Amino acid sequence: MSDKATLILNDKSYELPLVKGTENEIGIDIKSLRASTGAITLDPGFKNTGSCESSITYLDGEKGILRYAGYAIEDLTNRANFLEVAYLLIFGELPNEAQYNKFFDDIKKQSYVNYNMVRILDGFPKSAHPMGVLASLTSALISFNPKTVDVESDEEMYKAIVKIMAKFPVLTAWVFRNSKDEVLTESDSDLDYVENLCQMFFKEEGKKYEQNPVIVNALNQLLILHADHEQNCSTSTVRIVGSSHAGLFASISAGISALWGRLHGGANQAVLEMLDAIMEDGGDTKKFMQKAKDKNDPFRLMGFGHRVYKNFDPRARIIKKAADEVLNDLGVSDPVLDIAKGLEEEALKDSYFVDRKLYPNVDFYSGVIYKAIGIPVEMFTVMFALGRLPGWIGQWREMRLQKQPIGRPRQIYVGPTHREFKPLAER
Ligand code: CMC
């Protein structure tokens, strides 16, 4: 195969180099396009545009493959814990025992969150959406850690990473407890990362919290499955904000806002609201399938379809199985799971969904598990953010170390050409 692509523009021919990834993906390198031709590419939504070369996550949307730094998502969810996976995404290798213990100890030492943050939290109405509160608190963390990270310094970078990995779970637990008007909890250094999270979330005041291995295991799996997904909307946001040399915490706060939308991480909340609405309406899944297919109806089947997966989302496969197991182990019977399965069954044989290659995505079954383990619907996207944190950190670090130039797309202007200005009284 040639190592160049040829572009013919206005009868002139230009050669553009090709870039080949380790999994044989091909990119046309257009870095010199505008300088040599005067033209740019136009690709709203970046459906065909690579923004970087990355060694963190590989996915093949046609085959339904997802790997973090070469490791299959199925192996990681079954055999690793969330903190090992976080280390892998951030530093590129699974930790050995000494590296793991050091990472974990350093995180524990940084888990104290300045109590002035509580005053900020108190200022929000109880009805505030947890994602808005989380984005604000993450921004507020910057004021208590104002020094920008020198990315050339491994030590400074490591300190910033450990700080956000330590304080973010505390913030999520506070957001959760504050929304329920419950006393805030602190991190417990005797517990592992996910057990600590469970205790901070669910501990009742004055009572000892008993860990439930089913919940710990389910959370571990969900957090790992959400931990990275290459250049998705929130991750691209984190990278582009960081490309202006904004700090790590500021970039992550922007990522949280991007994740909130219903077409991205906010879909997990939207799925459960949709399933509840179908149930309340009498459970007629066919009626809602029809609405999803009707181009005059804004309704979409939430939790279905994906920009990159044109085959079963491998994360959805794992989560569907986990949903069954968790509900079984906890002895919960939730009619919403049956509605979800019914919708999936119908969609998989409906030509509208088959032709457009629309399959259940990661968000379709995750809400059923969150609900079963006691997480309310408005907190679902916060849980997604908690899982995505190491992915955002790893991608931010990679982008800065690659010395990526500031992200600044171009446009094709289609507005009015030059017009004569008229003063207010003459318009
Ligand atoms: N229900 C009904 N029709 C759909 C759906 C859906 N969920 N998703 C896509 N379509 C149709 C869409 O109307 C279009 O049809 P046509 O070709 O006739 O115009 C076609 O399928 C292609 O859709 P698209 O919107 O051009 O595809 P996209 O790549 O821009 O959007 C998506 C991907 C995820 C935003 C979209 O599938 C969607 O809105 N899904 C529902 C929201 C959702 O579940 N989001 C979570 C994504 S996974 C978690 C994450 O990583 O964020």
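A: The second largest cavity is lined by L121, F124, P125, K126, A128, P130, V133, V175, N178 and S179. Two elements, α6 (130–144) and α7, each give two or more residues to that lining. α7 has the largest share, with three residues. Sorted by class, the lining has seven nonpolar, two polar and one charged residues. Here Ala, Val, Leu, Ile, Met, Phe, Trp, Tyr, Cys and Pro are nonpolar, Asp, Glu, Lys and Arg are charged, and the others, Gly among them, are polar.

Keep in mind that this is a predicted model: local features need pLDDT of at least 70 and side-chain atom pairs 80 or more, while totals for chains, interfaces and linings use all residues. Residues are numbered from 1 along each chain as its sequence is written, and side-chain values use heavy atoms, leaving out hydrogens and water.

The space itself comes to about 60 Å³. A cavity is a set of points on a 1 Å grid over the protein atoms alone where a 1.4 Å probe fits but cannot get out, and lining residues have an atom within 4 Å of a point. Points are joined across faces, edges and corners, and volume is the space filled by probe spheres set on them. Helices are DSSP runs (H or I, at least four residues), numbered from the N terminus.

For context, the whole structure has three cavities of 30 Å³ or more.

How values were computed. 1 Å grid on protein atoms, 1.4 Å probe; cavity = no way out; pocket = protein on both sides within 12 Å on 5 of 7 lines; lining within 4 Å.
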